[in-house]
Amino acid sequence: MKLRLLFLLNLLLNPLCVSATPLGTAFTYQGRLSDGGAPASGIYDLRFTIYDSTNNAGGIVASPLTNSAVAVSNGLFTTTLDFGEGVFDAADRWLEIGVRTNGSVGAFTALSPRQPLTPAPYALYAPNAGAAKTATTALTANGVSAANILGTIPDARLSANVALLGGNAAFAGAVTAMTFNGSGAGLTNVPAAALSGTIADARLSANIPRLNVATTAVQATGSPIVTAGFITGATVTSGGTGYVTAPTVTVNDSTGSNAVLAADISAGGIVTNLTVQNAGSGYSADATLAIDPPPSNAYQVFAGSNYFSGVNLLTNVNNVVAGNFSGNGGGLVNLDASALAGTVPDARLSSNVALLNGNAAFAGSLTASVFNGSGAGLSNVPSGSLTGTIADSQLSANIARLNANQTFTGTVTAGGFVGSGAGLTNLPVSSVGPTTNSLIVGWGDNGVGQATAPAGVSNVVAVGAGELHSLALKNDGTVVTWGYNGNGQTTVPAGLNNVVAVAAGRYHNLALKNDGTVVGWGGNGSGEATVPAGLSNVVAVAAGSFHSLALKGNGTIVAWGYNGDGETNVPAGLTNVTAMGSGGFHSLAVKNDGTVVAWGQNLYGGATVPAGLSNVTAVAAGFYHSLALKNDGTVVAWGYNGSGATNVPPGLNNVAAVAAGRYHSLALKNDGTVVAWGSSYSMVPAGLTNIIAIGPGCAANHVLAIQRQHIISPATLVDGTLPGARLPDNVALLNANQTFTGQNTFAAQNTFSGEVTASGGLRLNDANLWLRSGSDRNSGLGWFGTGKLFNGVSVDGPVLFGQLGGALGATLVGAYTNIALVWKANGNVGIGTANPTNRLMVVNARCDGNSWINSSDRNLKENFRPVDTKAILAKVAALPITKWNYKSDPSSEHLGPVAQDFHANFGLGSDCTSIATVDASGVALAAIQGLNQKLMEELKRRDAENAALKERLEKLERWLNQQLNGGAQ
């Protein structure tokens with residue numbers, strides 16, 4: 001719809017000659033609109049803006065004023081405009097008009113050119129100009145001298161900034177006076193120095209402790225109610241105590257936003273109710289609720305002699321009482337021994353205190369320069385304290401003797417055993433061969449080979465994973481790297497040796513040497529690879545995305561590199577650290593008391609340690625999440641859970657080590673198996689065992705682990721046959737599932753009763769792989785070149801065939817099978833479906849041989865919403881339709897829109913380079929409905945107009961008949 005302003009009829013004002021009545025700032029505007037060259041008729045929304053120039057862009061003098069539902073008849077309209085005071089000040093002004101169909105949510109169409117405003121509105125500038133003849137000076141309308149004003153100015157004519165005695169005055173600035181009189185009711189922020197007398201308890205904040213009131217405050221807790229991604233309610237789990245004002249309520253969730261909740265508190269300072277003011281959207285079932293704590297009144301300093309008549313709880317260790325307590329001390333705990341006077345009775349001593357007149361049982365180590373007595377009853381006496389030789393009869397039955405047959409129930413280890421070995425059972429494989437080897441196993445994202453270790457790398461003791469690179473530490477103290485090297489991260493510094501630990505950041509690496517120094521290399525945009533000068537006595541290193549950590553032998557941490565989120569701001573006084581971990585932008589530390597300290601970015605709660613977490617022995621950090629291993633072999637996780645990285649598998653225990661990737665988590669169990677959860681990159685290869693270590697990688701989408709493999713030397717075997725159970729995993733057994741990773745050639749006819757997996761590739765050399773037993777040759781897999789016949793058809797490619805049909809590209813995803821291509825005995829072919837019901841079927845869409853049939857089942861659709869069909873019609877009318885041809889087919893001409901214009905107008909589809917047939921059909925149907933609606937509205941308008949004309953014609957006919965009949969009725 002093209003609207004154009006043809007001309008401006010006039011601007012009408014209220015009569016200007018009546019000076020006794022103040023004129024307003026509103027004026028009437030009349031104009032005419034055309035629609036496609038014809039006078040417009042209908043209901044429109046008009047937007048008016050005052051500019052200081054006729055040119056684009058110009059400056060806006062008055063903000064846009066929108067008049068909705070303006071009636072336009074035969075092109076003409078009239079509306080009232082009011083831009084307020086100060087717009088028309090004798091400077092030139094232009095009016096810009098924007099138009100859109102009433103009820104539309106689309107943008108306004110600006111009409112061109114802007115219309116100059118005629119002098120009529122400027123009469124508003126001087127409605128009382130006639131009075132100027134009596135003025136002494138009339139330089140400007142607002143320049144009248146105060147001396148020339150007669151009488152009293154009414155209050156209504158005074159500025160809102162003038163304080164009136166009869167009204168409430170709100171002074172925005174500082175108010176100064178020699179003396180203020182009155183009750184002072186309503187005053188706030190009064191300086192304490194201005195007070196006199198004593199403030200009553202009722203005037204004190206609830207945060208002020210009182211001698212006769214217990215001072216406690218407890219934070220309230222609650223839980224949100226999530227329905228279809230919206231916060232539809234919230235419950236108060238605990239109302240807490242000590243609230244003075246309603247606390248702020250926050251919904252914590254990585255996926256949702258915009259929810260607003262409010263809390264109500266009782267007169268007693270308890271949160272009683274939570275109300276949803278905005279439900280927000282996108283929230284998951286993992287959403288949690290945080291209610292701000294009440295004012296803290298737990299830290300008090302009582303310096304004088306105070307009398308407390310109630311029971312007072314001083315639970316904060318920072319509470320200091322400098323004066324004296326009177327009373328019996330009942331209920332006091334943790335008294336400072338240095339503050340005691342007199343002698344503590346025996347009955348008041350701990351049972352752990354030895355008394356001279358009692359039998360003392362020391363559970364710990366007892367040390368003295370000399371012990372007197374017979375030593376009867378002593379146990380665990382150190383051998384260094386003994387003199388002479390202990391007789392065999394005094395030895396435990398658990399002591400082996402040279403002249404007796406011995407049965408060792410535990411593990412016996414020696415550099416070598418002499419004898420025939422007769423009678424030995426359950427020999428470990430390592431006792432048959434000379435050595436064991438530690439190799440790298442990798443899986444996950446391998447786009448640049450980061451999960452595939454270089455051939456021949458062995459005897460590995462540690463690994464680390466960067467975003468696109470990897471590194472390994474060998475037992476000879478050297479480092480091997482591989483993968484992406486855009487930042488030099490796989491270029492090991494020349495001569496690097498004697499390394500005892502390694503760590504990989506996003507683009508940089510760290511190596512800890514046996515002399516306690518650290519070497520860094522690779523990406524250094526934030527100084528993460530620049531080790532602080534003089535750093536020494538380091539016992540462990542960790543690397544985040546762009547920052548680094550070093551744990552020193554004295555239990556302190558040194559950090560350097562990027563600090564945009566505080567990840568290198570090691571908390572002041574942090575000591576006694578035994579382990580640490582580094583995430584994408586946050587850091588973790590384990591103290592020797594089993595607690596965890598975190599700092600740095602806390603966007604998803606990765607740096608918020610769960611309350612009460614204790615007995616921790618190790619930590620690991622991903623990009624936004626964190627893991628803690630407890631001394632009972634269980635794992636605790638917190639932080640970002642968009643990929644399930646913090647969903648610790650139920651029942652996970654016996655964990656020996658943890659590691660975290662970008663969005664996944666790993667646990668190494670005591671039995672050498674690995675459990676993974678989170679991102680799909682972490683899926684553990686089937687049958688993986690004998691793992692002795694896993695590598696951290698806070699920015700990695702791949703996983704590295706170290707697997708211990710036993711090497712059997714045939715030269716050590718002299719006779720007999722090793723059972724299959726005693727052979728290593730690398731030996732193929734005829735009756736077991738096999739994985740051939742190398743290049744193997746089977747020239748003879750071999751029978752494998754188990755599953756055979758050839759991860760290095762299986763070449764059939766133009767032969768068939770039969771899938772059924774015996775001599776059946778009707779079902780199998782083969783490669784048939786051109787000229788070879790399969791069921792009478794020449795084919796070139798892989799064929800999975802059977803008597804009733806076949807399929808290509810069948811893959812298992814979860815519990816479902818994706819069929820890339822399937823064909824049935826009846827000739828039906830399916831793509832993405834295993835049961836085609838038509839000649840060709842692609843998932844749910846199908847072709848019956850004559851036409852293509854899209855799937856439009858309501859059960860396959862969701863999120864139904866109404867559309868504005870008139871707006872769709874307008875967009876269709878404006879959509880460019882041209883003739884064109886595809887570059888690949890210049891001889892075939894087509895007609896229609898291009899995808900970019902279609903997507904820009906309607907925002908449909910997944911991209912701007914294609915148009916789905918369902919979208920094109922839907923737009924056409926919506927446009928037809930919009931056209932029908934518009935036509936019906938126009939017909940109604942014309943019917944009304946015709947009815948009015950008919951009535952006028954009938955009146956005219958009656959009048960004409962009267963005139964013709966001489967005025968007779």
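Glu96 is buried, with a relative accessible area of 12%, where buried stands for under 20% relative accessible area, exposed for over 50% and partly exposed for the range in between (1.4 Å probe, protein chains only). This is a predicted model, in which local features need pLDDT of at least 70 and side-chain atom pairs count only at pLDDT 80 or more, while totals for chains, interfaces and linings use all residues. Residues are numbered from 1 along each chain as its sequence is written, and side-chain values use heavy atoms, with hydrogens and water left out. Helices (H or I, at least four residues) and strands (E, at least two) are DSSP runs numbered from the N terminus.

**Salt bridges**

- The structure holds nine salt bridges, each defined as a side-chain nitrogen of Lys or Arg within 4 Å of a carboxyl oxygen of Asp or Glu.
- Glu96 is the partner of Arg114 in one of them, with the closest N and O atoms 3.3 Å apart.
- This pair links distant parts of the chain, since Glu96 belongs to strand S7 and Arg114 to the loop between strand S8 (109–110) and strand S9 (115–116), 18 residues apart.
- Arg114 also counts as buried, at 7% relative accessibility.
- Glu467 and Arg662 form another salt bridge, at 3.2 Å from N to O, and both residues are buried.
- Here, too, distant parts of the chain are linked: Glu467 is in the loop between strand S19 (460–465) and strand S20 (469–474), and Arg662 is in the loop between strand S34 (655–660) and strand S35 (664–669), 195 residues apart.
- In helix H4 (residues 917–964), Glu938 and Arg941 are three residues apart and therefore separated by about one helical turn; their side chains meet in a salt bridge of 2.6 Å, N to O.
- Glu938 counts as partly exposed at 23% relative accessibility, and Arg941 likewise counts as partly exposed at 28%.
- Glu938 and Arg941 belong to a network of salt bridges that also includes Arg942 and Glu945.

**Nonpolar cores**

- The largest nonpolar core has 21 residues, and those with the most contacts inside it are Leu33, Leu46, Phe48, Phe83 and Leu95; such a core is a set of buried Ala, Val, Leu, Ile, Met, Phe, Trp, Tyr and Cys residues joined through side-chain atoms within 4.5 Å.
- Two or more residues of this core come from each of strands S2 (26–35), S4 (42–51), S5 (60–72), S6 (76–82) and S7 (94–101), and S4 gives the largest share, four residues.
- Leaving aside residues up to four places away in sequence, Phe83 touches Phe27, Phe48, Ile50, Ala62, Ser63, Leu65 and Leu95, contact being heavy atoms within 4.5 Å.
- Apart from this core lies another, of 15 residues, among them Val249, Val251, Leu274 and Tyr283.

**A hairpin**

- Strand S13 (residues 257–265) and strand S14 (residues 271–281) pair in the antiparallel sense over eight bridges, where pairing requires that DSSP find at least two bridges between the strands.
- Ala263 stands opposite Leu274 in S14.
- The two strands form a hairpin with five residues between them, and Gly269 in the turn has a positive phi of about 80°.

**Helix H2**

- Thr869, Ile872 and Leu873 are buried in helix H2 (residues 869–878).
- Seen down the axis of H2, its buried residues fall within an arc of 100°, so they line one face of the helix; the arc is that of the directions from the helix axis to the C-beta atoms.
- The buried residues of H2 pack against helix H3 (899–906) and H4.
- At the start of H2, a side-chain oxygen of Asp868 comes to within 3.3 Å of the backbone nitrogen of Lys870.

How values were computed: Polar contact = N/O pair within 3.5 Å; in protein donor to acceptor, adjacent residues only side chain to side chain.
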